[in-house]
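Please open the model in your viewer and keep the sequence beside it, so that each selection can be found in both. The tour goes from one selection to the next and says what is there.

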Amino acid sequence: MRIKKYRSMLYVPGNNPAMVQQATIYGADSVLLDLEDAIAPDEKDAARDLLRHHIPLLDRENCVLTVRVNGLDTPLGEQDVRAMVPLQLDAIRVPKVESAVAMQQLDALITELEREHGITQPVEIHAMIETARGVMNAADIATSTPRISALTFGAQDLLADLGLRRTDRAGLTFPRGQILMAAKAARLHVLDTPFIDIEDEDGLRASAEEAKSLGFTGKAVINPRQIDIVNQVFSPSPEEVTHAIRVVGSFNAHKAAGSGVFALDGKMVDRPVVEQAITVLRLADIDPATL
């Protein structure tokens, strides 16, 4: 079974045929085809038709495919969901999510479409939190339905909703942490907002390293040039992989002997340490079951 990674998620406008056709070739773990903010109102229908035609042609072997639909509080949102789910996406990204009820209603719609089209691999939901109300309801949203697999932090719209300037980053400290904790408590992926200056590679690396240190799973990118840096930051180092192999290998040996806790290099290893090691191995494409 393919292990879904979310180190990098590349935003691609859904109305650009050339960019959509090449979306999965740049090495991003995940691609986000956008039907929302990147598309002018009079181009929404054409973008939806373009994705309907091109998505079945994309090579998705090593890339998670997600489509950001328009807000569910607009008629366009449901039209997008009805058009995209039959294409058997990995996930639907929903912008400006503010309530658990909205996610449960979306779950019901997707379930109806999966039955109608004979889809057996469940389409996941990624809930984008980018309003004050969404931040305050993040924990309820994260647990509203098992179909939600990720929360994502949208900084630009949140700044506007809070009445802050683009430079008022300190105002995002609490919302960012609130979203992160909600996702972690529900055992979901959690993706950081994009770094918008594509010329500033040092700034991008610093932003990605900060996000990783806080616990984010990965980071959205807005240009293919940003993918390698973000993938590097969110990948385990060779030393981390070697240690993880030793932890899981020792755990399996001790488990067979009836012990769940042991010492490695003088440090206690218990279930949380093993789970962290398994996460590292999966990021390194190593199957923990083989150790």
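With which residue does Lys5 form a salt bridge? Select Lys5 together with Asp285, and you will find the two joined in a salt bridge whose closest N and O atoms are 2.8 Å apart. Keep in mind, here and at every later stop, that this is a predicted model. Lys5 belongs to the segment before β1 (8-13) and Asp285 to the segment after α12 (271-283), so the pair ties together parts that are 280 residues apart in sequence. The two partners can also be coloured by accessibility: Lys5, at 12% relative accessibility, counts as buried, whereas Asp285, at 61%, counts as exposed. This pair belongs to a structure that holds 21 salt bridges.

Next, select Glu36 and Arg68, which form a salt bridge with their closest N and O atoms 3.3 Å apart. Glu36 sits in the loop between β2 (30-34) and α2 (44-54), while Arg68 is in strand β3 (residues 64-68), and the pair links these distant parts of the chain, 32 residues apart. Both Glu36 and Arg68 are buried.

Move on to helix α4, residues 100-117, which has 18 residues and reaches 26 Å from its first C-alpha to its last, close to the 26 Å expected at 1.5 Å a residue. Which residues of α4 are buried? They are Ala100, Met103, Leu106, Asp107, Leu109, Ile110, Leu113 and Glu114. Show what surrounds these side chains, and you will see that the buried residues of α4 pack against α3 (75-84), β4 (91-94), β5 (124-129), α6 (138-142) and β6 (148-153).

Arg82 lies in helix α3 and Glu112 in helix α4, so the pair ties together parts that are 30 residues apart in sequence. Arg82 is partly exposed, with a relative accessible area of 34%, and Glu112 is likewise partly exposed, with a relative accessible area of 38%.

For the last stop, follow the chain to the residue just after α4, where Gly118 takes a positive phi of about 65°.

Terms used: Residues are numbered from 1 along each chain as its sequence is written. This is a predicted model: local features need pLDDT of at least 70, side-chain atom pairs count only at pLDDT 80 or more; totals for chains, interfaces and linings use all residues. Side-chain values use heavy atoms; hydrogens and water are left out. Helices (H or I, at least four residues) and strands (E, at least two) are DSSP runs, numbered from the N terminus. The expected span of a helix is 1.5 Å times one less than its number of residues. Buried means under 20% relative accessible area, exposed over 50%, partly exposed in between (1.4 Å probe, protein chains only). Contact means heavy atoms within 4.5 Å. A salt bridge is a side-chain nitrogen of Lys or Arg within 4 Å of a carboxyl oxygen of Asp or Glu.
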